[in-house]
Amino acid sequence: MQANDPTLTSFIPTPPESHFPIQNLPFGVFSTAANPVPRVGVAIGDQVLDLAALAESGLLTLSPEVFRQPTLNAFIALGHQTWRSTRASISELLRHDNLQLRDNQALRDKVFVAQEQATLHLPLEIPGYTDFYSSKEHATNVGSMFRDPANALLPNWLHIPIGYNGRASSVVVSGTPLQRPMGQLKLPDADVPVFGACRKLDFELETGFIIGQPNALGEPIDIANAEQHIFGMVLLNDWSARDLQQWEYVPLGPFNSKSFATSISPWVVTMDALEPFRVDSPAQQPQPLPYLQQSGKNGYDITLEVALQPGAAAQPQTICRTNFKAMYWTMVQQLAHHTVSGCNTRIGDLMGSGTISGSTPEAYGSLLELTWNGKNPLSLADGSQRSFIQDGDEVAMTGWCQGDGYRVGFGVVSGKILPARG
């Protein structure tokens with residue numbers, strides 16, 4: 001795929017640590033003070049390429065109206081070949097040796113916006129949101145903590161990708177401040193619950209994939225074709241109220257403990273851009289049932305980090321480093337299982353990976369694991385400690401695939417916690 005050529009360079013400067021070289025070209029939605037109408041753009045270096053303006057100039061074959069939209073859904077609906085050809089055309093226009101855009105200063109002034117001057121919006125209309133539970137290390141840690149360490153995984157976990165239907169209405173874009181949730185919680189020494197603010201607020205380091213090609217009700221997606229249904233990936237923080245969750249999750253699972261907010265990164269990295277970073281997934285034993293069996297490289301080598309910045313601290317502190325390649329259940333397995341009952345999906349549906357944890361303590365993707373449910377608080381550089389998130393804390397997640405001298409990255413998903421209402 002020419003657009004993935006590691007030797008490509010752009011006339012827009014992209015240093016090696018940039019998340020947005022010419023090999024990436026993620027899609028998002030932005031606006032500016034000068035033009036407050038949300039529209040579709042692509043990230044390149046520290047710039048946003050305005051695709052509506054570019055199409056209006058005649059340099060893209062698609063109608064400008066496809067990109068004069070407040071979400072990516074209309075573009076995604078045009079299908080896999082259009083995603084690929086549009087990315088290829090943009091790549092060609094941004095090459096260091098393509099004079100068409102490089103040497104036309106008037107056009108460059110029209111189609112480029114500095115990212116620092118752009119407001120980034122929720123990139124999708126999200127009809128539905130599902131969150132999975134697909135890290136064996138995370139599931140083992142949680143099972144050891146709350147059940148039996150010798151039998152940490154429930155009997156079904158090694159046979160099916162466990163998931164639950166989340167709340168699409170409370171998915172927000174990175175940078176959106178969030179209020180501490182209220183709800184019922186039962187204190188360890190109490191016989192009855194109380195109503196109050198969450199005392200054990202947590203993050204969950206996840207990624208999410210976006211449905212690009214829907215399936216009809218009653219028509220499952222075969223695992224052999226599942227990749228064609230995925231448009232791209234984002235970073236995802238599945239904020240979790242652990243004390244609300246512990247009280248409510250039996251017998252039907254998470255409800256208010258998860259529904260108050262889910263944050264995603266503003267740039268959607270296409271699966272084509274991630275193609276060079278495929279790796280083998282962990283071996284699965286026992287072998288899954290036939291409808292979940294796959295071959296080839298189905299994991300992705302994505303480095304992930306979480307930083308926490310207390311409200312009074314001058315700098316954030318990295319508290320977790322892990323990698324997406326450790327995930328036991330793959331995205332195509334998740335999608336095949338999600339639809340095997342005949343469940344339909346829609347363009348823009350969001351599928352969370354579940355917490356991504358590695359095998360060592362520094363690779364645990366939640367405070368629940370990093371502090372072992374508060375028993376071992378983290379000591380931070382400013383002298384404070386954290387068992388769970390406090391008011392004023394900001395959590396920022398980032399992730400990237402490392403190429404030879406370049407990175408294909410996701411940017412950042414961040415959120416700051418405000419006090420509970422009342």
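A contact means that heavy atoms lie within 4.5 Å of each other. This is a predicted model, in which local features need pLDDT of at least 70 and side-chain atom pairs count only at pLDDT 80 or more, while totals for chains, interfaces and linings use all residues. Residues are numbered from 1 along each chain as its sequence is written, and side-chain values use heavy atoms, with hydrogens and water left out.

**Figure 1. The whole chain and its contacts.**
Of the contacts in the chain with a separation of 6 or more, 71% are between residues 24 or more positions apart. The chain contains twelve helices and 26 strands; helices (H or I, at least four residues) and strands (E, at least two) are DSSP runs, numbered from the N terminus. The C-alpha trace spans about 70 × 55 × 35 Å along its principal axes. A compact globule of 422 residues would have a radius of gyration near 22 Å, and the chain agrees because its value is 22 Å. That radius is taken over C-alpha atoms, and the globule rule is 2.2 Å times the number of residues to the power 0.38. Buried residues are 55% of the 422 in the chain; buried means under 20% relative accessible area, exposed over 50%, and partly exposed in between (1.4 Å probe, protein chains only).

Strand 1 covers residues 27-32, and six of its six residues are buried. Phe27, Val29 and Ser31 point one way from the strand, whereas Gly28, Phe30 and Thr32 point the other way.

**Figure 2. The partners of strand 1.**
Two strands pair if DSSP finds at least two bridges between them. Strand 1 pairs with strand 2 (residues 39-44) in the antiparallel sense, over four bridges. A hairpin of six residues joins strand 1 to strand 2, and phenylalanine 27 has valine 42 of strand 2 as its bridge partner. Strand 1 also pairs in the antiparallel sense with strand 5 (residues 118-120), over three bridges. Here serine 31 has threonine 119 of strand 5 as its bridge partner.

**Figure 3. Isoleucine 126 in its loop.**
Isoleucine 126 sits in the loop between strand 5 and strand 6 (129-132). Its relative accessible area is 12%, so isoleucine 126 is buried. Leaving out residues up to four places away in sequence, isoleucine 126 touches Ala168, Val171, Ile264, Gly348 and Leu350. Leucine 370 is 244 residues from isoleucine 126 along the chain, and the C-alpha atoms of the two are separated by 31 Å.
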